[in-house]
Amino acid sequence: MANATGILSATTAGMATPAVARRTWPRWLALGAAMIAVAVVAVAWDAAGARLLVGALGLVLVVRGGMLVRGSAEGELAERARPMGAVAVAVGAAALVVALVSAGLSATVLLVGVPLALLATSAGLLARGGTSRRGGLALLVWSLLVTALLVVTGLAQDWDRAADLATVVAALGLAVLALPLLIGAANLRTLGAQPDPAPVRSGCGGCACGAGGCGS
């Protein structure tokens with residue numbers, strides 16, 4: 001969570017102009033609000049909450065993967081981004097099919113996928129070291145607790161109940177991931193409220209402007 005917020009803050013600080021921020025912040029706000037809405041509906045809608053979460057994840061992967069395949073990244077990153085984008089499109093399409101075909105299968109996907117996703121994220125943070133490592137340790141403890149809770153619930157009660165619990169955990173995770181987007185949108189809106197910088201004249205480096213102009 002803290003790492004994601006830091007990335008968004010760095011992205012905000014690196015915006016070239018307030019004009020870019022003005023175009024960007026509504027998209028981030030809309031995406032964050034949509035993620036929270038999906039999380040709330042998924043928890044309240046017992047019959048199709050799992051399908052909604054799996055379908056939403058699949059849609060995000062297809063859209064983002066398509067952007068990477070089309071070459072939204074530049075330079076050396078593009079060479080790695082395109083294969084990753086193709087994988088994301090394939091996984092996202094499979095998730096959409098699962099969400100459309102079966103509520104039970106969607107619940108099973110979350111039951112298996114939630115612990116694996118938490119553990120994989122923990123391992124990724126631990127590998128980075130520094131502040132990320134401390135966050136990874138905290139997430140690892142949380143991941144083990146969630147995994148144990150799901151297993152105990154499945155064995156002691158039934159696996160349908162465990163799948164419902166996994167749906168709640170997935171919805172909570174989606175809502176948490178939306179918070180950095182909302183924070184980033186607020187930062188971008190503040191940046192966008194600033195006036196655009198004055199254009200620099202062609203051939204002028206600005207070195208003499210403070211002294212009264214190039215002719216001084």
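Mentor: The model is predicted, so local features need pLDDT of at least 70 and side-chain atom pairs pLDDT 80 or more, while totals for chains, interfaces and linings use all residues. Residues are numbered from 1 along each chain as its sequence is written, and side-chain values use heavy atoms, without hydrogens and water.

Trainee: What makes a set of points a pocket, and which residues line this one?

Mentor: A pocket is an open set of points on a 1 Å grid over the protein atoms alone, where a 1.4 Å probe fits, with protein on both sides within 12 Å along at least five of seven lines; lining residues have an atom within 4 Å of a point. Here 22 residues form the lining, and Asp 46, Asp 160, Ala 163, Asp 164 and Thr 167 lie nearest the centre. Helices H2 (18–44), H3 (49–69), H5 (103–128) and H7 each give two or more residues, a helix being a DSSP run of H or I of at least four residues, numbered from the N terminus. H7 gives the most, with eight residues.

Trainee: How are the lining residues divided by class?

Mentor: There are 13 nonpolar, four polar and five charged residues. Nonpolar means Ala, Val, Leu, Ile, Met, Phe, Trp, Tyr, Cys or Pro; charged means Asp, Glu, Lys or Arg; the others, Gly among them, are polar.

Trainee: How do H6 and H7 run relative to each other, and how do you know?

Mentor: The axes of H6 (residues 130–156) and H7 (residues 159–192) come within 7 Å and cross at roughly 155°. Axes are lines fitted to C-alpha atoms over the stretch in contact, and angles run from 0 to 180 degrees between N-to-C directions. Angles over 145 degrees count as roughly antiparallel, and H6 and H7 are therefore roughly antiparallel.

Trainee: What is the class make-up of the contact of H6 with H7?

Mentor: Its residues are ten nonpolar, two polar and one charged.

Trainee: Why is H2 called roughly antiparallel to H3?

Mentor: Their axes come within 7 Å and cross at roughly 155°, which makes H2 roughly antiparallel to H3. Val 38, Val 41 and Ala 42 of H2 meet Gly 49, Leu 52, Leu 53 and Ala 56 of H3, contact meaning heavy atoms within 4.5 Å.

Trainee: What makes H2 roughly antiparallel to H7 as well?

Mentor: H2 and H7 pack at about 160°, with axes 7 Å apart; that angle makes H2 roughly antiparallel to H7.

Terms used: Parallel < 35°, antiparallel > 145°, perpendicular 65-115°, else oblique.
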